Amino acid sequence: MPRFVLSIGLMGLLAACAAPEGGPQRNSSAILPAEIQAELKPGEGDFAPDLVYVSERARDGGYDKIMLDPVMYFAPLEAMRSVSPGDRQTLANNFHILMGRELGKDFLLAVEPQRGAVRVQFAVLPVTQEPVAMDTVALVARDDPEKQVVVDALASPVSPGADLLVEAEWTDAVTGEVLGATVDRHFGQKSFDGTSFKSWAEVNRYLEAYAVLIRYRLCVFRGGSDCTPPSAPLG
């Protein structure tokens, strides 16, 4: 299994490059500190995130491992419990498993903080300007990394036409220093066919497509020559 060093492209990782300052009014954030939110800039390019921040430390780092925290689901305070606890947990677990499988193709997945490891926290939340709070206890079993995702046993927990954000905060696993952050709308897809979310299979296609997108961004910014652009999940 090849393992690549996240160097200057680590948190460029998730961006093509930063656009000039300015932009639309910001939505509520689930996990990003206020000082990081203030540094977010619009991304540029077909596969860039909607918003991105990259620290100078990230550009100088030599990271070759990724530590995936359990994925969290957030919701506006006035709309809590709109998704059942079981569905929230399944969504978080499926996201975590699919992301780990994809990034594990190129990087060592660390299970504890260590030198050379970047820690990433993903949060899923509806687009809103209202205060949000965590709407699940997202614990992921680590004793079975090849656990199959839930596909068709339950109906989709995502409402048709749902407007969703995925936030990511990337930190040094040892020091906790924030290296970068991104905000993606609709799992990074330009076209979002939310009306197709009739089963877990449809939800998982978007989760898997997002994992492929993150891997592609990493490949491009480490200067890879065999980076394959992701395709639309339902195309």
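How many disulfides does the structure hold? The structure holds one, a disulfide being defined as a pair of cysteine sulfur atoms within 2.5 Å.

The model is predicted: local features require pLDDT of at least 70 and side-chain atom pairs count only at pLDDT 80 or more, whereas totals for chains, interfaces and linings use all residues. Residues are numbered from 1 along each chain as its sequence is written, and side-chain values use heavy atoms, with hydrogens and water left out.

## Overall architecture

The protein contains four helices and nine strands; helices (H or I, at least four residues) and strands (E, at least two) are DSSP runs numbered from the N terminus. Along the sequence these elements follow the pattern α-β-β-α-β-β-α-β-β-β-β-β-α. Of the 235 residues in the protein, 52% are buried. Here buried means under 20% relative accessible area, exposed means over 50%, and partly exposed lies in between (1.4 Å probe, protein chains only).

The accessible surface comes to about 10,900 Å², and carbon and sulfur atoms account for 52% of that area. Accessible areas come from the Shrake-Rupley method with a 1.4 Å probe; for residues, only the protein chains shown count as cover. Among contacts between residues at least 6 apart in sequence, 81% join residues at least 24 apart, where contact means heavy atoms within 4.5 Å.

## Disulfide

The disulfide joins cysteine 219 to cysteine 227, with an S to S distance of 2.0 Å. Its torsion about the S-S bond is about -85°, so the disulfide is left-handed. Cysteine 219 and cysteine 227 are both buried.

## Nonpolar cores

A nonpolar core is a set of buried Ala, Val, Leu, Ile, Met, Phe, Trp, Tyr and Cys residues joined through side-chain atoms within 4.5 Å. The largest such core has 40 residues, of which Ile66, Phe95, Met99, Phe122, Trp170, Phe187 and Tyr210 touch the most other members. Two or more residues each are given to this core by β2 (51–54), β3 (65–68), β4 (72–76), α3 (85–103), β6 (117–126), β8 (164–172) and α4 (200–221). Helix α4 supplies the largest share, nine residues. Another core, of 16 residues, lies apart from it and has Ile36, Tyr53, Leu125 and Val183 among its members.

## Strand β2 and its partners

Strand β2 is covered on both faces: Leu51 and Tyr53 on one side, and Val52 and Val54 on the other, are all buried. Two strands are taken to pair if DSSP finds at least two bridges between them. Strand β1 (residues 41–42) pairs with β2 in the antiparallel sense over two bridges, and lysine 41 has valine 52 of β2 as its bridge partner. Strand β9 (residues 178–185) also runs antiparallel to β2, to which it is joined by four bridges. In β9, threonine 182 stands opposite valine 52.

## Glutamine 189

Glutamine 189 lies in the loop between β9 and α4. The residue is buried, with a relative accessible area of 12%. Leaving aside residues up to four places away in sequence, glutamine 189 touches Tyr206, Ala209, Ser231, Ala232 and Pro233.

## Salt bridges

The whole structure holds seven salt bridges, each being a side-chain nitrogen of Lys or Arg within 4 Å of a carboxyl oxygen of Asp or Glu. The table lists some of them.

| Salt bridge | N to O distance |
|---|---|
| Arginine 119 – aspartate 69 | 2.8 Å |
| Arginine 215 – glutamate 102 | 3.3 Å |
| Glutamate 202 – arginine 205 | 3.6 Å |

Arginine 119 is partly exposed at 29% relative accessible area, while aspartate 69 is buried at 12%.

Arginine 215 forms its salt bridge with glutamate 102. This pair links helix α4, which holds arginine 215, with helix α3, which holds glutamate 102, across 113 residues. Arginine 215 counts as partly exposed at 24% relative accessibility, and glutamate 102 is buried at 8%. Glu102 and Arg215 also belong, with Lys105 and Asp106, to a network of salt bridges.

Glutamate 202 and arginine 205 are three residues apart in helix α4 and are therefore separated by about one helical turn. Glutamate 202 is buried, with a relative accessible area of 17%, whereas arginine 205 is partly exposed, with 41%.
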